[in-house]
Amino acid sequence: MKTLREKLFWIIPLMITLIGLSILYFTNLYRFTEPPSENWSREIQVGTMDAYLSPIIHSIEDKTEIILVEEGRILRKTYDANYQLLNEETIPSPMKKWDAYYIENDNQFFFINNTIINGNTNQIIDEADLFVPASKGKHIFYTKGQTIFELTVETGETKEVATTSYPIKFLKNDADYIMAYTKRLESGELTIFRMKSDKYEEIHYENIELGISEQIQNILFTVHDEKLFIGLHSETQSLQNKKTFLYVSETDLSNPNIVLSRIYPHDPITNAPLRGIDHFQLRTIDGKLEFLFRGIGFTYKETNENQAFNIYSMLIEGEDIQTERLSNTYHMSGNPFFIGKNSIGWKQLESDSKNSIFIASNNPNVIEKADKTTLEEYLVAFGMCIGMLSTSIFVLYLLIMWIIFPIIYLAIIALLQKQSNASIEKPIYFYGGVVVYIAGALLFKNHLFPDRGAYVHAPSFLKFDGNDIFFILSFAIIALLSVKLINREWSSSGKYIYFIGLQFLLYTMILGPYYL
């Protein structure tokens, strides 16, 4: 027992270090691998994709078909409702590279250098500026200048369906509706067509102007219950401090009047505005308008910036706006897409030539399936610990003020001893030093515990009202008990230095990694 108490001199600091490292590592691992939102799964990788293309999604009853292109090879993967892989097959194709494509069942069409080609016959269908597969039905819309054409994929036949006043910049489709956006000088023109009696009729035309400082990057629409919903994404044209904006409009189809209102998505974690918003999709669900988009928001990372491109959903119903984070990765995510009602997917940048394709869902079985930690994530969590520990040394600089009183106290005691030849080895001198240290720590506690902003990212068990007094007293008690437990021949000044040093180690290992 005596030998053990002698070894406590080294065992106690070692235990503090190991406990601090364990708390830090498992806190980082939990944060780094936590689901993006409550009742939403982590990401599941379903494949990789050539960087310049996007997957094609077909939802068929309780199955999902995902078509990917990996190094020019087309793969069709079929999943059940829980994203268990049911079948994977390679789709033969005569093409090696293309700009856009359409594949459904045995029909293949490719868009290569402004030319539409039938992949089954190698027949050139037509020249085109834009290539837009229909949202529903076996059709492809494409444009030539001011004219919109429709290609029936089963027959390969094309027909002209509508024209606009100026060349078309954006063409979108939603069921029986087509929206064309044309650009003329600084203003844009929006034209909406509806299918009626097997042909498209113009039902609305309107000028869209945001001013010379903003440039429209994308514009989407959807129709539900005879209401027209429009979403618009713009950017400032300045190369410096570029900003992105989202606009929304809701109007009756019977008498359309498009009034764009700017909306401001906020980070659901920090409530700060999301930055870099782009890559958005639009739909209505349960009578609400839903945006799916990419934005820069809060994500625990291996760096202190804790910001990353992730995928967000925003539900809008009147004045009520609810934003939810749907991905939580430290890589760059983008190009999100809906998969049925309860799932989404997105591309994640891996290299200049390849992206990974991930899905996530609110399906409880998918949530359970995705709740796994990879070796890479264990390693990244370890790397985060190393980075945080390197910055925790900064708290030692802040603690310098706390030892001013103990230094003055020791100087006074040494002076008294010199003048009176009295011994300072009496316990009262050590305990007096403990009281002086605690008094100094409480007096200068704002150096380590400022009123706000110091421990923003600390776990909840470390930041709470009164945590400054709690940790000052708790760490002092731990250090005092440690000194009393150690069986060692040492002077009062040695005990005092150990008492202070042990607390500095506690602050460095427990609180230091989360400072700032």
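Q: What makes strand β20 (residues 244-252) mostly covered?
A: Seven of the nine residues of β20 are buried. Buried means under 20% relative accessible area, with exposed over 50% and partly exposed in between (1.4 Å probe, protein chains only). The model is predicted: local features need pLDDT of at least 70, side-chain atom pairs count only at pLDDT 80 or more, and totals for chains, interfaces and linings use all residues. Residues are numbered from 1 along each chain as its sequence is written, and side-chain values use heavy atoms, leaving out hydrogens and water.

Q: How do you know that β20 pairs with strand β19 (residues 227-236)?
A: Two strands pair if DSSP finds at least two bridges between them. Nine bridges join β19 to β20, and the two run antiparallel. K227 has D252 in β20 as its bridge partner.

Q: What makes β20 and strand β21 (residues 261-263) a pair?
A: Three bridges join β20 to β21, against the cut-off of at least two. The two strands run antiparallel. V248 stands opposite S261 in β21.

Q: Why are β2 (56-60) and β5 (85-91) said to stand at the edges?
A: Four strands form an open sheet in the order β2-β3-β4-β5, with antiparallel pairing. β2 and β5 each have a single partner strand, so one side of each is left without a neighbour in the sheet. For β5, strand β4 (residues 73-79) pairs with it over six bridges. K77 stands opposite E88 in β5.

Q: What makes α3 a helix, and how does its reach compare with the expected span?
A: Helices are DSSP runs (H or I, at least four residues), and strands are E runs of at least two, numbered from the N terminus. α3 has 18 residues. Its expected span is 1.5 Å times one less than its number of residues. α3 reaches 26 Å from its first C-alpha to its last, close to the 26 Å expected. Its buried residues include E377, V380 and M384.

Q: What makes a set of residues a nonpolar core?
A: The members are buried Ala, Val, Leu, Ile, Met, Phe, Trp, Tyr and Cys residues joined through side-chain atoms within 4.5 Å. The largest such core has 50 residues; W402, Y437, L448, F449, Y455, F499 and Y507 touch the most other members. α8 gives the most, with eleven residues. A second, separate core of 26 residues includes I44, L53, I103 and A370.

Q: Which residues does L448 touch?
A: Contact means heavy atoms within 4.5 Å. Not counting residues up to four places away in sequence, L448 touches V395, L398, L399, W402, Y455, Y507 and Y515.
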